[in-house]
Amino acid sequence: MHVVELRFECFDNTTITAAEKAINGLLEAYRANGQILGREFAVAFKDGEFNSRLLMPEKSSLAKRFSSPWVERALSELTDAKLLAPREKYIGQDINSEVSSSETPSWQLVYTSYVHMCSPVRNGDTLQPIPLYQLPATFNGDHKRIIRWQIEWQACDELQMAAATKAEFAALEELTSTSSDLFRRGWDLRGRIEHLTQIPTYYYLYRVGGGNLASEKARPCPRCGNKNWLLDEPLLDMFHFRCDSCRIVSNISWDHL
C-alpha cells in the first residue's frame, strides 16, 4: 500500500460547506471504486487549500484510467465548488500494510478479516490483495456492494474475536454458516466476480468449534456434502478444504490446530 496527499486549491471564492461536500464526495467515490482504502478521511484546511492524506493499493491507484463514472462525476463537481482538480504528492510506501497483487492469478478468492483494510479479493496463488479497480465493476459502475459486504464481515469478525457479549454467537453464525445472509451475499458476489473476470473465484468460509481434529478432517462440504474436499496440504498454509463445485475454501477449526 502507498500513502499520498491530495491538495485541493480554490480558484475563486467558495465556502467551507461547498468545498467539504465536493471533496468528501470525491473521496467516497474513490473509496467505492477501491482506489483509496479506509472508512474515514481527515480533510484539513490551511493557507487557502484543503489537504487529505490517503492510503492507496498502488502508486498509480488514482490514475484516470481507473476512474469509475462516479469518480468522473465527483471530479467535475469540484469545479462547481470553485476547486481545482486535486494535486497529488506521493509520500511513500506504507510499511504496515500488504503489497498488492500485480499478476493475473490462476484462481482468486473472497477473503477478509477485521484487521484488513485492503481489497477483499485475493490472488489465490499468493494471497495478495487485488485492487478492486483492476476488476470489472461488480455492480452499478463500481464496487460499493462488495465493500459493504466486507464491512459487514469485519463487524461480525470483530464481535466474535472480542467474545464479550451474546452477539458473538449471532456473528459466528453469519461467518460460518452457508445459510446465513452474509454467506449468501458474499457467495453471490464471488460468482459475479468469477463471471466478469473468467477466473475461478472461491469464497472463504470461516470455521471454529467442532468436536476434535479427527471429526474436523472428516466433515463434508457444508453446502453440497462433498466428503472429498480435504486437501493433502493446506493452500497458502491456511485453507485445508476446497470444494471446486461450490467454490468454497475453508479451514480446519482453529480450535484444533
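Biologist: How should I read the salt bridge in which the side chains of R87 and E9 meet, and at what N to O distance do they do so?

Modeller: This is a predicted model, and in it the side chains of R87 and E9 form a salt bridge with an N to O distance of 2.8 Å. The general idea is to ask which elements the partners belong to: R87 lies in strand β4 (residues 87–93) and E9 in strand β1, so the pair ties together parts that are 78 residues apart in sequence. R87 is partly exposed at a relative accessible area of 39%, and E9 is partly exposed as well, at 29%.

Biologist: Where is E5 found, and is E5 buried or exposed?

Modeller: E5 is found in strand β1 (residues 2–9) and has a relative accessible area of 12%, under the 20% limit, so E5 counts as buried. The side chain of E5 is joined to that of R7 by a polar contact of 3.0 Å. Leaving aside residues up to four places away in sequence, E5 touches N51, S52, R53, R87, E88, K89 and I91.

Biologist: What place does S179 have in the chain, and is S179 buried or exposed?

Modeller: The place of S179 is in the loop between α4 (167–176) and α5 (181–197), and S179 is exposed, with a relative accessible area of 61%. The side chain of S179 makes a polar contact of 2.8 Å with the side chain of S177.

Biologist: Into which domains is the chain divided, and how far apart are their C-alpha centres?

Modeller: The protein chain is divided into domain 1 (2–93) and domain 2 (108–250), whose C-alpha centres lie 32 Å apart. Their contact takes 16 residues from domain 1 and 14 residues from domain 2.

Biologist: What is the area buried between domain 1 and domain 2, and which residues of domain 1 lose the most area to domain 2?

Modeller: The size of an interface is often given as the accessible area lost when the parts come together. Here, the area buried between domain 1 and domain 2 is about 1200 Å², with carbon and sulfur atoms giving 59% of it. In domain 1, the residues that lose the most area to domain 2 are A32, R39 and W70, which together account for 34% of what that side buries.

Biologist: How many salt bridges and how many residue pairs in polar contact are found across the interface of domain 1 and domain 2?

Modeller: Across the interface of domain 1 and domain 2 there are zero salt bridges, but eight residue pairs are in polar contact, both residues being at pLDDT 80 or more. On the side of domain 1 that touches domain 2, the elements giving two or more residues are α1 (16–32) and α2 (69–80). By class, that side of domain 1 has seven nonpolar, six polar and three charged residues.

Notes: Residues numbered from 1 in each chain as written. Predicted model: local features only at pLDDT ≥ 70, side-chain atom pairs only at ≥ 80, totals over all residues. Heavy atoms only, no water. Helix = DSSP H or I, 4+ residues; strand = E, 2+ residues; numbered from the N terminus. Buried < 20%, exposed > 50% of the residue type's maximum accessible area, 1.4 Å probe, protein only. Polar contact = N/O pair within 3.5 Å; in protein donor to acceptor, adjacent residues only side chain to side chain. Contact = heavy atoms within 4.5 Å. Domains from an automatic or database assignment. Buried area = accessible area lost by both parts, 1.4 Å probe. Salt bridge = Lys/Arg side-chain N within 4 Å of Asp/Glu carboxyl O. Nonpolar A, V, L, I, M, F, W, Y, C, P; charged D, E, K, R; others polar.
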